[in-house]
Amino acid sequence: MESRTGRSPTPRQLVYYEVWKLLRVLPAGDRDRILDRLLTWAGMTAGSRSTHRSLTRAEVATLERGSLVEIGAHTIAHPFLCSLPLSSQQEEIYHSKAQLEELLGHEVTSFSYPFGNYTSDSVAIVRDAGFNCACATIHASVQRHSNLFELPRVEIQNWNGEEFARRLSRWFDV
């Protein structure tokens, strides 16, 4: 196993990854309870670094007002959809759409499967919820024949400007 830096992970990183693999498939409530117990055990409090926090509602609205970014739904608790019963998948997908539409003041038509994880039932729920398209994590280019509810997406990593420009040139043959 190699980290994104190309170095072998530290023992601490390996433990983190193993705990993450166990927690990621749990329902949000169970996951939160276990994380709270781990924090108590470690003598820590919940919080995130200012450089790793989620956007505020105001920041999402500001980002959406520009012309470069379209805000799409992505569920409420970022679950592995295939680990949830259909009713929970519906709740996650429908509520994320409703919350964003309330925040933005217009219809939200794009969805992205958390972790690229979904089933054929998930696709049907997304379609029934009124989305026009959904992105998976298939690493490929969008083609005319691409399934609108399983669109490929490319993961953007923590590259420097030169590396990002090089990859953009390769992807778009610029």
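Is Arg-166 buried, partly exposed or exposed? At 42% relative accessibility, Arg-166 counts as partly exposed; the classes are buried under 20% relative accessible area, exposed over 50%, and partly exposed in between, with a 1.4 Å probe and protein chains only. I shall return to this residue after an overview.

Good morning, colleagues. This is a predicted model, in which local features need pLDDT of at least 70 and side-chain atom pairs count only at pLDDT 80 or more, while totals for chains, interfaces and linings use all residues. Residues are numbered from 1 along each chain as its sequence is written, and side-chain values use heavy atoms, with hydrogens and water left out.

Let me begin with the overall architecture. The protein has six helices and two strands, arranged along the sequence as α-α-α-α-β-α-β-α. Helices here are DSSP runs of H or I with at least four residues, strands are runs of E with at least two, and both are numbered from the N terminus. Along the principal axes, the C-alpha atoms fill a box of roughly 50 × 45 × 35 Å. Of the 174 residues, 25% count as buried. The accessible surface comes to about 12500 Å², and carbon and sulfur atoms hold 54% of that area; the areas come from the Shrake-Rupley method with a 1.4 Å probe, and for residues only the protein chains shown count as cover. Among contacts with a separation of 6 or more, 44% join residues 24 or more positions apart, a contact being heavy atoms within 4.5 Å.

Thr-10 sits in the segment before H1 and is partly exposed, at 38% relative accessibility. Between Thr-10 and Asn-158 there are 148 residues in sequence, and 19 Å in space from C-alpha to C-alpha.

Next comes a nonpolar surface patch of about 570 Å², made by Val-15, Val-19, Ile-34, Leu-35, Leu-38 and Trp-41. Patches consist of residues with over 30% relative accessible area and no salt bridge; like charges are joined within 9 Å, and nonpolar side chains (Val, Leu, Ile, Met, Phe, Trp, Tyr) within 5 Å. Helix H1 (11–23) and helix H2 (28–42) each supply at least two residues of the patch, with the largest share, four residues, coming from H2. Leu-38 belongs to H2 and is partly exposed, with a relative accessible area of 37%.

How do two helices further along pack together? Two packed helices are described by the angle between their axes and the distance between the axes. Helix H3 (residues 57–65) and helix H4 (residues 86–104) pack at an angle of about 70°, with axes 10 Å apart. H3 is therefore roughly perpendicular to H4. The contact involves Arg-57, Val-60, Ala-61 and Glu-64 of H3, together with Leu-100, Leu-103 and Leu-104 of H4. The axes are lines fitted to C-alpha atoms, for helices over the stretch in contact, with angles from 0 to 180 degrees between N-to-C directions. Angles under 35 degrees count as roughly parallel, over 145 as roughly antiparallel, 65 to 115 as roughly perpendicular, and the rest as oblique.

I now come to the charged pairs. Side chains of opposite charge can pair when their charged atoms come close. The structure holds six salt bridges, each a side-chain nitrogen of Lys or Arg within 4 Å of a carboxyl oxygen of Asp or Glu. In one of these, Glu-59 meets Arg-53 at 2.7 Å, N to O; Glu-59 is partly exposed at 30%, and Arg-53 is partly exposed at 42%.

Another salt bridge joins Glu-101 and Lys-97 at 2.6 Å, N to O. Both residues lie in H4, four residues apart, about one turn of the helix. Glu-101 is partly exposed at 23%, whereas Lys-97 is buried at 6%.

This brings us back to Arg-166, whose side chain meets that of Glu-163 in a salt bridge of 2.6 Å, N to O. Salt bridges that share partners join Glu-163, Arg-166 and Arg-167 into one network. Glu-163 and Arg-166 both lie in helix H6 (residues 161–172), three residues apart, about one turn of the helix.

Finally, some backbone angles. Most residues other than glycine have a negative phi. His-78, in the loop between H3 and H4, has a positive phi near 55° and is partly exposed at 31%. Phe-115 also has a positive phi, of about 60°. Phe-115 lies in the loop between strand S1 (110–112) and helix H5 (120–128) and is partly exposed at 32%. Thank you for your attention.
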